[in-house]
Amino acid sequence: MVLHKFGDKLYSGLVTTMTTHLKQVCALIEAAQGGLFLEELDRKWTDHNKALQMIRDILMYMDRTYIPNTQKTPVHVLGLNLWRDHIIRSSQIQNRLLNTLLELVQRERTGEVINRGLMRNLVQMLMDLGSSVYQEYFEKHFLGVSSNFYSVESQRFIECCDCGEYLKKAEIRLNEEMERVSHYLIARTEGKITNVVEKEMIANHMQRLVHMENSGLIKMLVDDKYEDLGRMYSLFCRVADGLSTLKDVLTSHLRETGKELVTDPERSKDPVDFVQRLLDEKDKYDKIIGLAFNNDKTFLNALNSSFEYFINLNSRSPEYISLFVDDKLRKGLKGVSEEEVEVVLDKVMMLFRYLQEKDVFEKYYKQHLAKRLLSGKSISEDAERSLIVKLKTECGYQFTSKLEGMFTDMKTSEDTVQGFYASQAAEIGDGPTLAVQVLTTGSWPTQPSAPCNLPSEILGVCEKFRAYYLGTHTGRRLTWQTNMGTADLKATFANGQKHELNVSTYQMCILMLFNNADQLYYKEIEQATEIPSSDLKRCLQSLACVKGKNVLRKEPMSKDIGEDDAFFFNDKFTSKFYKVKIGTVAAQKESEPEKQETRQKVEEDRKPQIEAALVRIMKSRRVLDHNNLIAEITTQLQSRFMPNPAVIKKRIESLIEREFLERDKVDRKLYRYLA
């Protein structure tokens with residue numbers, strides 16, 4: 001017919017025939033009752049598709065020649081359009097189809113089992129008729145009804161559930177909708193329906209959920225509810241401002257609990273416990289962020305900024321961290337594997353990074369390290385050096401050069417003493433054995449050299465060592481630091497019982513006096529030894545008042561030392577140990593006056609550092625205004641300490657006086673570098 005120019009007649013005949021047929025089909029579908037309606041529609045749609053396939057095959061020539069030339073609708077598309085216009089848009093079918101589909105979804109949401117295969121066929125039918133048909137006749141209404149459903153349900157849940165239960169229900173609903181899409185809806189609907197669930201069940205109740213009393217975010221954090229926290233994170237990250245809401249509550253809680261931790265005077269009494277609590281708190285939140293928050297950088301940054309905030313609220317934090325290290329490297333890490341030691345040191349470094357006053361830590365660390373090295377109390381030189389390497393990596397060579405110098409001195413001293421005994425062995429004979437640590441003044445914490453009269457036996461060997469040392473090194477001076485030394489004494493008590501007493505140099509000077517006297521008064525001891533009064537009283541207390549260590553007796557017997565007290569050699573002293581340690585005092589936190597003194601030293605040490613940084617900046621910039629100079633110097637120095645703007649201003653004035661800088665003659669806030 002197309003060849004004989006009857007294509008137009010054939011095409012219009014096809015339209016008429018299909019239209020007549022579809023009107024009959026429409027009547028049959030409309031007549032179907034109840035659940036048979038969808039089945040009838042599905043069956044007729046399947047038949048229509050088969051018929052269309054056959055018609056297209058029969059009229060293939062028309063489809064390929066006549067239709068492109070006349071720009072008419074191809075046969076298959078024509079069949080679909082006619083189905084849409086006569087079946088789907090039928091006043092009796094359109095609303096009935098939509099309502100039936102939505103009712104089935106509603107029934108499935110309330111737990112009923114529906115025919116998902118039938119649903120899939122009918123939804124696919126709408127999509128085959130064109131995405132606009134699917135959207136207009138189903139999707140738009142489906143999303144609206146779903147929004148109302150979840151709005152009502154979320155309100156009901158939030159009134160009767162705690163936060164954890166509510167989140168479980170929200171997660172279940174979200175998964176159900178995604179599963180529904182995969183089974184019988186179109187893939188592009190997934191994003192839209194999940195947005196509806198997220199908005200109605202999460203976004204609209206976000207604040208109420210995180211702040212829910214006895215079950216919200218803070219309660220979950222306190223009780224380590226990893227599963228609930230993980231669920232909250234995964235749901236909240238789906239909505240706008242969800243993670244920032246979580247982060248704000250977490251930060252606020254962290255800062256509050258951290259502030260309480262560092263400012264509580266009771267908890268500050270024990271520095272080791274103080275730092276351990278900080279580490280426990282950090283471990284706790286590291287674990288939460290790792291297990292529940294997927295190591296999200298948002299939360300890691302919030303954790304770090306919170307720790308930096310509250311750890312610096314306590315001005316003694318640098319001292320306490322150093323005391324914690326001191327405790328661990330003296331005894332706390334005994335018998336622990338190298339890996340575990342590294343873990344502890346890494347944790348200490350993590351706290352160190354939060355400190356704004358790293359130079360204060362350095363001051364205390366140097367004091368504590370000196371005491372450990374000189375008393376031989378460090379459990380591991382490897383651990384000591386490992387920490388110094390970590391500090392060096394963090395802060396640079398300048399920070400650790402003096403600490404490394406201390407280790408060098410210890411090694412050099414060992415070699416010096418060996419050389420001394422090799423050359424003087426014949427002269428010394430059976431006299432006391434001397435172990436000397438020669439300390440370089442600049443590397444070690446400065447100690448006021450307190451006078452002390454050494455026993456003549458010791459003094460002789462000391463003078464020989466002085467002569468040997470000054471003979472092998474030119475241009476040097478030796479000063480004995482008797483307040484820092486220790487001694488091992490062999491003592492014989494009643495019934496020939498012998499003990500080796502490990503004491504400080506001061507205590508040795510006191511005990512040696514009792515070789516020639518049975519009784520000595522406080523004043524006599526003070527005169528003979530010239531040990532400073534406060535140190536002398538402390539030494540006598542440890543020798544006469546500590547049970548199990550009382551190698552001296554005191555009259556009258558009391559805990560405190562009076563200036564009229566008499567002391568006797570305690571012949572009846574007994575101990576089950578051959579070696580007896582007396583009064584080796586570990587590093588303690590400083591008293592208020594000592595703290596003030598250290599703070600003063602730190603402030604003095606900062607002055608040249610600030611001046612050096614000022615000169616460096618001005619030398620490169622030549623001209624700079626006051627505010628920018630303050631900002632630049634703060635940036636340069638904050639890795640060691642946070643400089644005070646008032647102190648910076650004073651240092652600028654000092655540099656102007658010494659003609660390193662000058663003020664601009666017109667703009668007084670502008671500085672110029674003078675070459």
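Domain bounds in this predicted model come from an automatic or database domain assignment, and the model itself is a prediction throughout.

**View 1. The second largest pocket lies between domain 3 and domain 4.** Domain 3 (409-472) and domain 4 (486-581) both give residues to the lining of the second largest pocket, so the pocket lies between them. The space in this pocket amounts to about 1,400 Å³, and of the 42 residues that line the pocket, the closest to its centre are Ala435, Val436, Gln437, Trp480 and Gln481. At least two lining residues come from each of α21 (397-428), α22 (456-472), β1 (486-492) and α23 (505-513), with β1 giving the most, five residues. By residue class, the lining comprises 20 nonpolar, 17 polar and five charged residues.

**View 2. Phe149 and Tyr150 form an edge-to-face pair.** Their ring centres are 5.0 Å apart and their planes stand at 80 degrees, so the pair counts as edge-to-face, for which the angle must be over 60 degrees. Phe149 is buried, with a relative accessible area of 15%, and Tyr150 is buried as well, at 0%.

**View 3. Phe274 and Tyr320 also pair edge-to-face, with 5.0 Å centre to centre and 75 degrees between the planes.** This pair links distant parts of the chain, since Phe274 belongs to helix α15 (residues 271-291) and Tyr320 to helix α17 (residues 317-332), 46 residues apart. Both Phe274 and Tyr320 are buried.

**View 4. Ring pairs link Phe420, Tyr421, Phe465, Tyr468, Tyr469 and Trp480 into a cluster.** The count of aromatic pairs in the model comes to 19.

Terms used:
Residues are numbered from 1 along each chain as its sequence is written. This is a predicted model: local features need pLDDT of at least 70, side-chain atom pairs count only at pLDDT 80 or more; totals for chains, interfaces and linings use all residues. Side-chain values use heavy atoms; hydrogens and water are left out. On a 1 Å grid over the protein atoms alone, a cavity is a set of points where a 1.4 Å probe fits but cannot get out, and a pocket is an open set with protein on both sides within 12 Å along at least five of seven lines; lining residues have an atom within 4 Å of a point. Grid points are joined across faces, edges and corners, and a volume is the space filled by probe spheres set on the points. Helices (H or I, at least four residues) and strands (E, at least two) are DSSP runs, numbered from the N terminus. Ala, Val, Leu, Ile, Met, Phe, Trp, Tyr, Cys and Pro count as nonpolar, Asp, Glu, Lys and Arg as charged, and the others, Gly among them, as polar. Rings of Phe, Tyr and Trp (its six-membered ring) pair if their centres lie within 6.5 Å; planes under 30 degrees apart count as stacked, over 60 as edge-to-face and the rest as tilted. Buried means under 20% relative accessible area, exposed over 50%, partly exposed in between (1.4 Å probe, protein chains only).
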